[in-house]
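Hello,

Here is the structure you were waiting for. My notes on the strands and the charged pairs follow below it.

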Amino acid sequence: MKVMNSTFPYKVAKETAVKPILFLLQCDFIDTQIDQSQKFYCPHCAMIEGVLHYYPDLRDHLDIRYVDFPRPRKEIIALVGEENQGCPLLITSLDNQSANSFSVLGNMRFTNDTKKIATFFANQFHVGLWHP
């Protein structure tokens, strides 16, 4: 597989003082409600991992945190509440104009919508956009 844009030739739209936080699920988790022995991965997190693979320098502009599958996910709950602990989850500052379609909580914007996260990457960091 060819890695697209292995260097980050794009200028960041507006560098914020705090990097956006991206929560992804660890792969190879067990979902005991489905199967005690089968390993799983989150397809939505895998899609975001694919974008990070295509544009590896995105990792330099994000605070990427991997969380375990079982809930409660305390680190996420502390930031956006128990009802918003789905992954992938992207959290950024309230003033980030690339995140206008995100939900607002206090002084931050957040979403766990995969397409909105990919669109944010395209708008904020000028990488490729999700093909319709």
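Strand S6 (residues 103-105) pairs with S7 in the antiparallel sense over three bridges, where strands (E, at least two residues) and helices (H or I, at least four) are DSSP runs numbered from the N terminus, and two strands pair if DSSP finds at least two bridges between them. This is a predicted model: local features need pLDDT of at least 70, side-chain atom pairs count only at pLDDT 80 or more, and totals for chains, interfaces and linings use all residues. Residues are numbered from 1 along each chain as its sequence is written, and side-chain values use heavy atoms, with hydrogens and water left out.

Ser103 stands opposite Phe110 in S7. Two residues separate S6 and S7 in a hairpin, and Gly106 in the turn has a positive phi of about 60°. S7 also runs antiparallel to strand S5 (residues 89-93), joined by four bridges, with Ser93 opposite Met108. From S7 (residues 108-111), Met108 and Phe110 point one way and Arg109 and Thr111 the other, and all are buried (under 20% relative accessible area; exposed is over 50%, partly exposed in between; 1.4 Å probe, protein chains only).

The whole structure holds three salt bridges (a side-chain nitrogen of Lys or Arg within 4 Å of a carboxyl oxygen of Asp or Glu). Arg59 and Glu49 meet in one of them, at 2.9 Å, N to O. Arg65 forms a salt bridge with Asp63 at 2.7 Å and with Glu75 at 2.8 Å.

Regards
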